[in-house]
Amino acid sequence: QVQVVESGGGLVQPGGSRRLSCTASGRIFSILLMGWYRQAPGKQREWVASLAKGGNTYYADSVKGRFTISRDNAKNSVYLQMSSLRPEDTAVYYCNVNFLESDGSNPRGHWGQGTQVTVSS
């Protein structure tokens, strides 16, 4: 069984910064991709950023230049450093992990429970 746990959400003033963390644990042989998504009230969940096993990073246009995704392979963790936050960044942020349970197994995905980020003065 795999667990994905996010942390770091909270209330932030516009223009401020916040760092989210996500750690995967359990039956994981190899992590292929870790990503962040978010869902604002009344809206669909949208992709924010991803970091592939080889180190390539990808960002949605709405956060490019303001958010940075990074990882700690030893801890099976991924981070999202958010800067210049805007009220429209308010959402529940979810971590998704794409991984292999064993060598040669099919890739699987797992979501965390989400962490709320509210940008407001």
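Arginine 108 is partly exposed, its relative accessible area being 37% (buried means under 20%, exposed over 50%, and partly exposed in between, with a 1.4 Å probe and protein chains only). The model is predicted, so local features need pLDDT of at least 70 and side-chain atom pairs count only at pLDDT 80 or more, while totals for chains, interfaces and linings use all residues. Residues are numbered from 1 along each chain as its sequence is written, and side-chain values use heavy atoms, with hydrogens and water left out.

Arginine 108 forms a salt bridge with glutamate 101, in which the closest N and O atoms lie 2.4 Å apart (a salt bridge is a side-chain nitrogen of Lys or Arg within 4 Å of a carboxyl oxygen of Asp or Glu). Glutamate 101 also forms a salt bridge with arginine 27, where the closest N and O atoms are 3.9 Å apart. This second pair links distant parts of the chain, 74 residues apart: glutamate 101 lies in the loop between strand 9 and strand 10 (108–111), and arginine 27 in the loop between strand 3 and strand 4 (30–39). Glutamate 101 is partly exposed at 25% relative accessibility, and arginine 27 is partly exposed at 49%.

The whole structure holds six salt bridges. Another of them pairs glutamate 46 with arginine 38, with 2.6 Å between the closest N and O atoms. Glutamate 46 has 35% relative accessibility and therefore counts as partly exposed, whereas arginine 38, at 5%, counts as buried. Through shared partners, salt bridges join Arg38, Glu46, Arg66 and Asp89 into one network.

The structure contains one disulfide (a pair of cysteine sulfur atoms within 2.5 Å). Cysteine 22 is joined to cysteine 95, with an S to S distance of 2.1 Å. The pair links distant parts of the chain, with cysteine 22 in strand 3 (residues 18–26) and cysteine 95 in strand 9 (residues 91–100), 73 residues apart. Because the torsion about the S-S bond is about -75°, the disulfide is left-handed. Cysteine 22 is buried at 0% relative accessible area, and cysteine 95 is buried at 0% relative accessibility.

Six bridges connect strand 7 to strand 8 (residues 77–82), and the two run antiparallel. Serine 70 stands opposite tyrosine 79 in strand 8.

Terms used. Two strands pair if DSSP finds at least two bridges between them. Helices (H or I, at least four residues) and strands (E, at least two) are DSSP runs, numbered from the N terminus.
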